[in-house]
Amino acid sequence: MENTTKTTGAVCFCGQGIVEELSFEAVLLDETLVRGDVWVLKEALQQVGGMNYRLQAKRNYELLIRIAKDYTVLRGGEENRQDYFPGEEKQESGKWIRLPQEGSPEDGVTDPAEEMKTDCYLIGRYKQELISMNSFNAAVLSVYQVGGESAVAYLEQMLGETKAYYDIYGCTQPILIYIGNDVCYSILDVFSRGLGDALKNLGQNVEYYDFSKRGIEELGNYVRRKFKAVIGVQTYMFSVQRESGILVHDEIDAPLYQFVFDHPISFWMHLKKVPKRLCVLTLDGNYVNFIKTWLGYKARFFPPAGEEKFCNEGQRDYELTFLGGLASYGEGLVRKLWDVRKQDRQRGFLLNRYVLYMRKNLDKPPEYAFEKVLEYYREDYSREEFWQMFYNERWVFRGVSQYYRNKTIEILLCAGICVHVYGDGWENSYLWGNPGLIHHEAVMGDEALKVYARSKLSLNVMSWHKDGFTERIANAMLQKSVVVTDRTTYLEQNFVNGEDLLMFDLGNLRALPDQIRALLDDEAKRTQMAENAYVKAASRHTWKQRAEKLLEFMEEDQT
């Protein structure tokens, strides 16, 4: 009789015969029962942690054992297929997936030595269950008969739960993602959820920890737990310490990933001391070098991605939109520099030269200009002095960035080009009241995608990311809106100006209005550019591709 308290998690079609329910014990003891054409409920695949690619053989079988532990596994003949999959469209639906053929590369090699290792791992993982079934000795004897003394040595590692055991075990453990950050319309949580959903769709078990509701009090419950990875997006959670001063995440067994989507100096207070296994992921290649050079931490280029769905809104009734938001500085930069100079002339001169160097080196990151300033005024400085001074004056490069953002929009408005802008703060801008500035409320998620889908052109002005890529660019491309953005090294190396997008120079903004008018007047070219960019973004810049790349990182960082 079928156990109605469990959901059916897998169906195996093998030869002919009536439908029968396979118990966990039956699957564990006889792998031949779960051969044939095997279909797995996607929910079950996610819940048990997906395929274990750290095993080199019998991956399907090991997965089905985990599924049988928590779900019903059914076995029947080909004549029963229509009872479960009435039509090919049901089989290929998002709820069920077909496991790779037994012995295929996805299932692992057919090398007897590797198959023996998988059996040893299974004995180690399910030793208590095998003992309770009076099958432990028989299982040990079977691997000994295949591998002899080498099997015994490997089995001892598995039974002893050594590092070799946990390297395999960790592959199917949950991925913990921190959420609860309400900064900038909760955009950081949008990134977290986008990545989490993509990981789930790849069969990973994802857990969320909402620190806005749970705080740090419950974090101690995770000490000594095994995770496939722990992920945070500009979160302070990796800085949490126990009373002894030990970082909590140094006691959690997992590779750790901290996404930093601003300049790393802005997050300095949480990067001064980090867990040993932390890797910083950032949207700009310059920031990778900065973290490695000034902090000595592991860092990788890993920009945010866009949503895969295409919102076909039909008519593109917005000629130019800007979803970048308005910061609180910008037009106040000059005034603030003047106030600093009145209070501290030496600091004022240093900051004025800092701004000068930034404007003379529009293709360089802010630390380049700051180092040049310190070289001009001082003979030497320690690493700590540089960090502290650069951190204290971080408002300068933010202000310069906002100045160019405002100036770009101002030049377009003065040239008679209307710009649809979104978000708060515009009513306080000196641009407010210009008839070409069309203000809308802030939009996020699907609503933002719909705006891009209604836009012929989407304006982007980088927050001084000189070798970067952002989700705004990805989402606009995925909605077939032509991106108009300032240059970055990454964009120049991966897209073709004038064919995939329009890149402009911050040092020559006066040329931008004519470039935009030319695109608006040439529908054929604009449509082709949008299509070109869509193809590239769909193949390289969705959360699915980011999740796949992050899983590769996890394999590299498991030790």
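A salt bridge is a side-chain nitrogen of Lys or Arg within 4 Å of a carboxyl oxygen of Asp or Glu. In this predicted model, the count by that rule comes to 35 salt bridges. Side chains of opposite charge can pair when their charged atoms come close.

Arg300 counts as buried, at 14% relative accessibility. Glu556 counts as exposed, at 52%. Elsewhere, salt bridges with shared partners join Glu31, Arg35, Lys58, Glu102 and Asp119 into one network.

Asp253 forms a salt bridge with Lys226, and the closest N and O atoms are 2.8 Å apart. Asp253 sits in the loop between β8 (229-233) and β9 (256-260), while Lys226 sits in the loop between α11 (211-214) and β8, so this pair ties together parts that are 27 residues apart in sequence. Asp253 is partly exposed, with a relative accessible area of 30%. Lys226 also counts as partly exposed, at 24% relative accessibility.

Lys163 forms a salt bridge with Asp167, with 2.9 Å between the closest N and O atoms. Both residues belong to helix α9 (residues 163-169). Their spacing is four residues, about one turn of the helix. Asp167 has a relative accessible area of 19%. Buried means under 20%, so Asp167 is buried.

Note on methods. Residues numbered from 1 in each chain as written. Predicted model: local features only at pLDDT ≥ 70, side-chain atom pairs only at ≥ 80, totals over all residues. Heavy atoms only, no water. Helix = DSSP H or I, 4+ residues; strand = E, 2+ residues; numbered from the N terminus. Buried < 20%, exposed > 50% of the residue type's maximum accessible area, 1.4 Å probe, protein only.
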